[in-house]
Structure formats: C-alpha cells, structure tokens
Amino acid sequence: MSALHELGVAELAAQLRAKKVSAVEAAQHFLARGAKHAALGAYLQVDEEVTLAQARAADDRLSSGDAAPILGVPIAHKDIFVTKDFASTAGSKMLENYRSPFDAAVVANLAKAGAVTLGKLNCDEFAMGSSNENSAFKPVLNPWDRSRIPGGSSGGSAVAVAARLAPAATGTDTGGSIRQPASFCGITGIKPTYGRASRYGMIAFASSLDQAGPMARSAEDCALLLSAICGPDPDRDSTSLDGPAEDFARSLNDPIEGLRIGVPKEFFGEGLAPDVRTAIDAALKQYGKLGAKLVEISLPRTELSIPVYYIIAPAEASSNLSRFDGVKFGHRASQYADLMDMYKKTRAEGFGDEVKRRIMIGTYVLSHGYYDAYYLQAQKIRRLIADDFQQAFKQCDVIAGPVAPTVAWKIGERSDDPVANYLADIFTLPASLAGLPGMSVPCGFGAAQMPVGLQLIGNYCAEARLLNAAHRFQQATDYHLRKPEGF
Amino acid sequence: MALNPQDIARIAHLARLELSASEGERMLAQINEFFAIVEKMKAVDTTGIEPLPHPVAAVREVDLRLRDDVASEPIEREANQRSAPAVERGLFLVPKVIE
C-alpha cells in the first residue's frame, strides 16, 4: 500500500471500508504531514484532540458496517465556515479567536457523511483577494514554488490538497476563489450552481455570489464531496435551491463522444499569456481526441464582468460587514471616546486594507444618489451576462477556457496594485455573476513549470455533466496526479 | 468623475471607518483608478432590462422565501455571548449612549 497521503478521497475511503487503515490512523498521518509542512502557512488552526475524537466516532461507524462514501476521510475546512470546535476567523483580525455557537451547514453535512475535520485553512480576509496575501495572519506559499502565491481566496485549501496535507478541502467561490487557487496549485475544484450549497454559517462576503464547493485532486473526489455538501436548506438559507440532494458521481464514466464544448473567443484575447494558452489549446485538442466537438462561441460582455462584479460584490460586502461593530462578537478597540468612535476605531483596527477598500467602494455605490447609476446598473448588466450564457448554451453543452490569464505570480509582485488583481479575475467572474457551476481541472504547466487549470463551465445544475467531462479528461491525462517536488 | 478627499471622508464616516490621512490619500488614488474601469459599464444601454438579484432567476422563477415565524432552536445565550467583547449579566455592554 502506498503512503496514506498518496491516496485520494475515493481510494482512502475504500481502504477505510476494507479496514486496511483506521480513521484514527489516517487522521494522525495527515496531522503529522500538516505539522511537518507548517511553513507553507496552509493551516490556521488544528486541534488534535477534536480531530481524533471525530476519527474515533468514524471508526465506530465503520466497524458497525456503515459504508458511507466518504466515511472516515480526513478533510480540512476553509476558515470562512464557522465551526463549533475550532475558532472561526475568516482570515481576519476582526474575528481572531472567535468561537461560533454552531457549525456551518456545509461543515455539518460533511460531518454527517463521516468526514473527519483536520483543521481550519488560511484564506484571504473575508475571502476578498486572489493571492492569499490578504490573510491577517500569514501568507500561504505555493508548494510548486514557495516564492509564488497560491491564488485566493481559498489559498490554504488549494495548498493543503496540492502538498498532500489533506486529501480534500472545502472552499468558497464568490468571483473565482475555488477555481483560481485550484488552477494555480494544480488541483481540481468545483463551484456548484449558486444556491446548491447552503450558505448558512459561511461568513458572508457577497451573498448573491457566495457559493461553497470542494477542492481535491480529481473530479471523482470532488463529486463524492459535492454530493455530501449540497442539498436544500430552505429554512436557513433564503436563496438555497429546493432541488433534492444528488449523487454527482452518477455519470462520471459516461462517454463524452459528441459532447459540444463551447470555446468563448473572448477568453483567448491578448490578455491571455502565451504559456497558459499553449496548455489550454493542448487540453482542448485532447478533448477533440476523446470525441468532443469544439464550437466557437461568444460571451460578448466578458470584459464588463469586471466592473459589474466589483460593484456588486463590494456593495453586498459593505452591508454584510456592517455587523462587525465591536458589540456582539469580535474585536473591539481598547481606546475610544464614545460609541461612534468605538465603531470607527474597532473597524479601522480589525479590517485589513483590501477589506476597507471594498467596504468604501460598496458604501459609495449604495449611497444616496449613486445607487441607480452603479448598483442597479450592475444588476441589469448582470442579467445581460447571464443571458449571454444562455445564448451560448444553445450551441454547446459545456464551455471551456482558461481559469486565469497567467500562472501564479510572485509574492508581493502585485500587492500594491488592487486594480491589477481585479483585472486578473476576468475569466472566472462571468460564471460567478451568472451563478453557473464552474470547475478548474489541471491541464498542464506554463511558465516556470507552474500548473495551469482548464476552466469548465456548465449550465445551471449541470454539475454531474461537468464532473463527467472533467473525469474523462483525467482518465486520459495525468496532470491531476502530478505533485510538487518534496511532497 | 473623480472622487476628492472630502468624498473619501464622507464615505469613511458612512462606513464607520477611521482612516488616517495617509490611508485616505492612498484610498482616494486606488478608488479613482478603480472607477476608471467602471466608466465602461455606464455606457451600456440597459433600458427595459430587469436587475438580476438571484442568478438562477435568469432561467426560472426563484422566490426568495421566508420561513414561518415560529420559534425553532432555543437561544443559547451563553454560547452566543462567548465571543462578545464586553458582557455583564447576559447583556452586551456598549459605551454610554444616553447622558
């Protein structure tokens, strides 16, 4: 048997069911891996006692013959999900040491399925960022090249999986925060249709965009986790879709002969780095070999998705983050003159630069006299962007293109230039605004031998089809099996 | 249209954020740079287009439901107040607001 950390979710679950390894042994192995590679900055918190108690409970279920698909598999959670047994910080000083009285729905669903929690993973503060440099606690290093960023905001999640510190992790994606770090770290990640996973207990950033999803090595592993994560939650999440829970692994092996893959010409313009383009072109060619048909499509408002997203997301963030006022939870300034001063100083001390910037933009675009010109106009263009996708899906079943214009950049290279960071989100924002499911699938290596991810976008609730397309690709390629040297 | 330092001060007050002078200056430059890319959005003709608040509403009707107004989980005051900055006898403490 190969070392435990070489196993993916499906393989490890099979070993657990076959009693070749116990959940406690698996948890201990991964906790030791996490400690050994703590310098990567992936974990914000671990608690061996909590983890092992969960593992023992999983072992009890296993020995009673329970054969649930991910029972006993250790995973880690992005620290944007609240947890009873670990602190929940959202990567912010504002919530340092915050203890939630309840578990997020996603956390509870995975626990019910028997997954064991290894700990909480680093992320950009309140999930705002594309490089994980906005964590208030520490940066996360990309295991493929430690001088580079891992992507964000689910950077800790991507690194934990890429460096084999966990077989899988949860992430959240508001404008690309699962897909972009998955691409930069050479792993697989999926953001389901908006409303599929309950937002209950996900610390809110932009409520009309936020969506949880799994990050793992393969599409098959993602499918297993996604099936456990998703499901209606009508009483606690007003935007939860009311469709029944699904087995997203049901059609992994379906043939993809004749699958029509739409290639949006706007994703291949001059902004796309040549090394990324080469890897994406090769992946599309591979799909051709597998029998898929490539169709050129147009998503004419791709560029507009940047201003539209960066109006809507900050507007919702400024509203959501108004709850951090130093009264009911979180940080409170130690010196202040009166209540107003307490609010202002608490928020000045508790929030980092990027969060403040977005609160400022959001407050401005929602303020009297500007709402129609900015927020409402953005919401209208958002509909046009969603309509463009529906036009495109008349000609194709799945859309494919790059996740990001470049490979992971150097730490510090863009940290003083927020607008440059916003522009780099161009290929993930359209699907976010439209609420469509999207994936990143490892498809090669670009400059400096850094991983490149292929983005697959499906129509509403077509996750099983996306995962099928990704799985067939992974049956024919081995990019998802490559790992950084030394791990 | 560019924002000026007074706009930044006004927005910071609305957002309940204390900004130092240097922070305010940096913020002004960055926000103005950002609004340069927003200008493109203003030129789009959206006459007769309905705003899209829930993305799935692009293809089917989605009602933003309310749950029934009945008591469900009990309120666990102690757990809820565990991470509060200042609590006394089950109450949240704030600076004096009424003289």
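Analyst: Two strands count as paired when DSSP finds at least two bridges between them. Keep that in mind for this predicted model.

User: Which strands of chain A pair with E6(A), and in which sense?

Analyst: Strand E4 (residues 168-173) is joined to E6(A) by six bridges, running antiparallel. A:Asp173 sits opposite A:Gln211 of E6(A). Strand E5 (residues 188-191) also pairs with E6(A) in the antiparallel sense, over two bridges. There, A:Gly189 has A:Met215 as its bridge partner.

User: Which residues point each way from E6(A)?

Analyst: Side chains in a regular strand alternate between the two faces of the sheet. In E6(A), A:Gln211, A:Gly213 and A:Met215 point one way. A:Ala212, A:Pro214 and A:Ala216 point the other way.

User: Is E6(A) mostly covered or mostly uncovered?

Analyst: Mostly covered. Burial here takes 20 or more other C-beta atoms within 10 Å. Six of the six residues of E6(A), 211-216, are buried. Across the 487 residues of chain A, 62% count as buried.

User: What does the radius of gyration say about chain A?

Analyst: Chain A has 15 helices and eleven strands. Its radius of gyration is 21 Å, close to the 23 Å from the globule rule for 487 residues, so chain A is as compact as a globular protein of that length.

User: How many residues of chain A are in contact with chain B?

Analyst: Interface size is often given as the accessible area lost when the parts come together. By contacts, 61 residues of chain A meet 43 of chain B. H12(A) gives the largest share of chain A's side, 13 residues. That side divides into 33 nonpolar, 14 polar and 14 charged residues.

Methods: Residues numbered from 1 in each chain as written. Chains lettered and ligands numbered in written order. Predicted model: local features only at pLDDT ≥ 70, side-chain atom pairs only at ≥ 80, totals over all residues. Helix = DSSP H or I, 4+ residues; strand = E, 2+ residues; numbered from the N terminus. Rg over C-alpha atoms; globule rule 2.2 N^0.38 Å. Buried ≥ 20, exposed ≤ 12 C-beta atoms within 10 Å, placed from the backbone. Contact = placed C-beta atoms within 7 Å. Nonpolar A, V, L, I, M, F, W, Y, C, P; charged D, E, K, R; others polar.
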